[in-house]
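Thanks for coming, everyone. Please have the sequence and the model open while I talk.

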Amino acid sequence: AAEAIAKGIEGYLALLENPVEQPGLRHEKVTVVPSTTDKSYAVAITGLRFGDAAGQGLSLGEIDYRLTQGEHDTYQVDSLKLPGEVPVVIDGKTTAAFRLESGPFSAVWSKPLQNFLKLNWQVSNLSLSVTDKPDLIVRADSVTAATDGKDDGKGRLDQVTDFVLTGLAVA
């Protein structure tokens, strides 16, 4: 089952990744490991980045989460772990960095729709620093995302997403 899940995640990422487009989404590896204590799977996507083939762009690194088989071709998704800092690399140098604290995350993933039916996520202490502009301050106290959707019966997603951004400051 872990191999099938990994293959499904690789297939989904292949839909998003277009090696011809610059920049684009890229990753190195997907690892799925069954839990020894319950029916969940630990997922790790490593080498995740949005940029060009030379490595310029956002370097997300590793993203981890847990999948648990749900009803009707769905997975419960939780325990999301993101890096606390995402560097922006240009010409081999880090020119900026995004920082964030990923908070509570829960979601329901639809295998047939290849999208979230439900998602709730809180992120706090977001900031952006630019190496050659040390006086520039961009920050937000928090971002909350809430998504609610359903299959419209024709294999399409009918979805509403609310984003709430608090404490935005640019100086």
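I'll begin with contacts. Take the contacts in this protein between residues at least 6 apart in sequence. Of these, 43% join residues at least 24 apart. Keep in mind that this is a predicted model.

Now the overall layout. The protein has 1 helix and 11 strands. The C-alpha atoms fill a box of roughly 50 × 35 × 35 Å along the principal axes.

Next, the surface. There are 171 residues, and 28% of them count as buried. The protein exposes about 10,600 Å². Carbon and sulfur atoms supply 56% of that area. As for charge, there are 16 positive and 23 negative side chains. The centres of these two sets lie 2 Å apart.

Let's go inside. The largest nonpolar core holds 23 residues. Which members touch the most other members? They are Ile9, Val32, Ile45, Tyr65 and Leu67. Several elements build this core. Helix α1 and strands β2, β3, β4, β5 and β7 each supply at least two residues. Which element gives the most? That is α1, with 5 residues.

Find Ile9 on your screens. Leave out residues up to four places away in sequence. Ile9 then touches Val30, Val32, Val43, Ile45, Tyr65 and Leu67.

On to the aromatic rings. How many aromatic pairs does a search of the whole structure find? The search finds 4. Here is one of them: Tyr12 with Trp109. Their ring centres are 5.1 Å apart. Their planes meet at 80°, so this pair is edge-to-face. The cut-off for that label is over 60 degrees.

Where do these two residues sit? Tyr12 lies in helix α1, residues 2–16, and Trp109 in strand β7, residues 93–110. They are 97 residues apart in sequence, so the pair ties together separate parts of the chain.

Are the partners buried or partly exposed? Buried means under 20% relative accessible area. Trp109 has 16%, so Trp109 counts as buried. Tyr12 has 25%, so Tyr12 is partly exposed.

Here is another pair: Phe105 and Trp121. This pair is edge-to-face too, with 6.0 Å centre to centre and 85° between the planes. Phe105 is in strand β7, and Trp121 is in strand β8, residues 115–130. The two residues are 16 apart, and the pair links distant parts of the chain. Phe105 counts as buried, at 13% relative accessibility. Trp121, at 25%, counts as partly exposed.

Now put the rings together. Ring pairs link Tyr12, Phe105, Trp109, Phe116 and Trp121 into a cluster.

Thr74 lies in strand β5. Why does Thr74 count as buried? Its relative accessibility is 8%, and the limit is under 20%. What does Thr74 touch, not counting residues up to four places away in sequence? The list is Thr68, Gln69, Val108, Trp109, Ser110 and Leu117. Trp109 is on that list, and Trp109 is also the ring partner of Tyr12.

To recap, follow helix α1.

Terms used. Residues numbered from 1 in each chain as written. Predicted model: local features only at pLDDT ≥ 70, side-chain atom pairs only at ≥ 80, totals over all residues. Heavy atoms only, no water. Helix = DSSP H or I, 4+ residues; strand = E, 2+ residues; numbered from the N terminus. Buried < 20%, exposed > 50% of the residue type's maximum accessible area, 1.4 Å probe, protein only. Contact = heavy atoms within 4.5 Å. Areas by Shrake-Rupley, 256 points an atom, 1.4 Å probe, with all protein chains shown as cover. Lys, Arg positive; Asp, Glu negative; His and termini not counted. Charge placed at Lys NZ, Arg CZ, Asp CG, Glu CD. Phe/Tyr/Trp six-rings, centres within 6.5 Å; stacked < 30°, edge-to-face > 60°. Core = buried A, V, L, I, M, F, W, Y, C linked by side-chain atoms within 4.5 Å.
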